[in-house]
Amino acid sequence: MSKARVLVGTKKGAFILTADGKRENWEVSGPHFAGWEVYHMKGSPVNPERLYASQTSSWSGQVLQCSDDGGKTWYAPGGGIQKSPQGWPMGESNRFVYDTSPETGAPLTTHQFYDGTQHPWEFKRVWHLEPSLTDAETVYAGIEDAAIFRSTDGAHSWQELSGLRGHGTGPKWQPGAGGMCLHTIILDPSDPDRIYIAISAAGAFRTDDGGKTWKPINKGLVSPYLPKQEAEVGHCVHHIAMNPSKPGTLFMQKHWHVMRSDDAGDNWQKISGNLPTDFGFVIDIHSHEPETIYVVPIKSDAEHYPLDGKLQVFRSRTGGNEWEALTNGLPQANCYVNILRDAMAVDKLDDCGIYFGTTGGQVYASTDSGDTWKPIVRDLPAVLSIEVQTLS
Amino acid sequence: MTSQVRVSLPQHLRTLAHIERSEVVIEVEGPVTQRSILDALEAHYPTLKGTIREHDTLQRRPFLRFFACEEDLSHEPPDAPLPDSVAAGKEPFLIIGAIAGG
């Protein structure tokens, strides 16, 4: 029988929630990495028992963790294979060094800072881990300050795909309030050389040659907080989603505005339609209906909580513009949580499950395309990210 | 000369390095300094690399402090000799997480 495994990253550790295909009764394990922020966890599509986790803290920086048994046990990569003569784990899986080698282009060394001056790139943390679609040992990392790294040895060592920062617009990239983070990585299942990424606040970029060169794909985005509202870069993209069955179509939740592209990001159209507010962070797509999309509107960029204290997921079955509020099972009074950009996911079971986590520590799930919701766990630390695995 | 130095680590780093005790005893070759202690500690527990000092600059991470013998040594030069009682293993070298949060 199929199972669902939900990977929850929180401000104070990781939790793993498992249930059978009915998704009625959930087992909760954790906290893993107690006391650390877990920005993201994700499983390999090739080997679902291989999980990657980004563990970070303001005190002690970045640590990468791996599991080869679906999250029962973990190791800092290096420890799983190579050990010191005393048996201690080896390796430096948390070393992310920006590429400045002449051979690969010696990319930019500064970006725009909050005060308008140029500032050197400084590694802060890993926001997102995206395992390869074809190799369980290959994984991509989206980091702050914004860059993309790749490991081909199971997260033991990391190399920057420096063509992104070498694109030439780096001096115009700038941090948002949450830092200058590369938070979205989408691998195109129909083209192994095509990768999409998104950065706050630089915008969306695409490579068509496996990461050697990149181009901004922000045409159609309009951002009132930029001096030139339709600039090539500088947009605060919050998240992008793609349904693998329709890889040329992308959906975006921008700082303000919900957008779609039907030409692999070359052009974007606004699809906010009748949403009560089009500010938000998450966006995702039904597993079996590539024109059914979900967002959680947030009141404004100054007030990061739902309108009127009512937690509402909005669904469009028409690929945007026409939206309906989904409220059954969600709190409709005094709810002032946020739903962060990586905190929504969908499973691939026949009745597509949709999951999202809140900064109040609730993880809500729907097993009927969003018509009804229930909290599958409700008192965790603030949820930073949600991923779900569909297991046979 | 080899010294047996006691090192106390914060909980989250003990968890990371799979250290069950509140202190570890580290063999330090030569003069006992912040640098020689941390070099020896990281050699024994490589997963701690980058978590106490930055990888390349070896600068102390801002929210960690180094104490010993009731003194804050965080701003002392990394190669300055530590008190004899630390080198003799009578007093621990304390790596402390700065207090923060609500």
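Strand 14 of chain A is largely enclosed by the rest of the structure, because six of its six residues are buried. Strands here are DSSP runs of E, at least two residues long, numbered from the N terminus. A residue counts as buried if 20 or more other C-beta atoms, placed from the backbone, lie within 10 Å of its own. The model is predicted: local features need pLDDT of at least 70, side-chain atom pairs count only at pLDDT 80 or more, and totals for chains, interfaces and linings use all residues. Residues are numbered from 1 along each chain as its sequence is written, and chains are lettered from A in the order in which they are written.

Both faces of strand 14 of chain A are buried. A:Ile195, A:Ile197 and A:Ile199 point one way, and A:Tyr196, A:Ala198 and A:Ser200 the other way. Strand 14 pairs with strand 13 (residues 181-187) of chain A in the antiparallel sense over six bridges; pairing requires at least two DSSP bridges. A:Ile199 is the bridge partner of A:Leu182. Strand 15 (residues 203-207) of chain A also runs antiparallel to strand 14, with five bridges. There, A:Ala198 stands opposite A:Ala204. A hairpin of two residues joins strands 14 and 15 of chain A.

The largest nonpolar core has 128 residues. Such a core is a set of buried Ala, Val, Leu, Ile, Met, Phe, Trp, Tyr and Cys residues joined through C-beta atoms within 7 Å. Its largest share, five residues, comes from strand 14 (residues 195-200) of chain A. A:Val363 is among the residues with the most contacts inside this core. A:Val363 touches residues including A:Val8, A:Tyr355 and A:Ile386, with contact meaning C-beta atoms within 7 Å.

Conventions:
A residue is buried if 20 or more other C-beta atoms lie within 10 Å of its own, exposed if 12 or fewer, and partly exposed in between; C-beta atoms are placed from the backbone. Helices (H or I, at least four residues) and strands (E, at least two) are DSSP runs, numbered from the N terminus. Two residues are in contact if their C-beta atoms, placed from the backbone, lie within 7 Å. Lists of a residue's contacts leave out its neighbours within four places in sequence.
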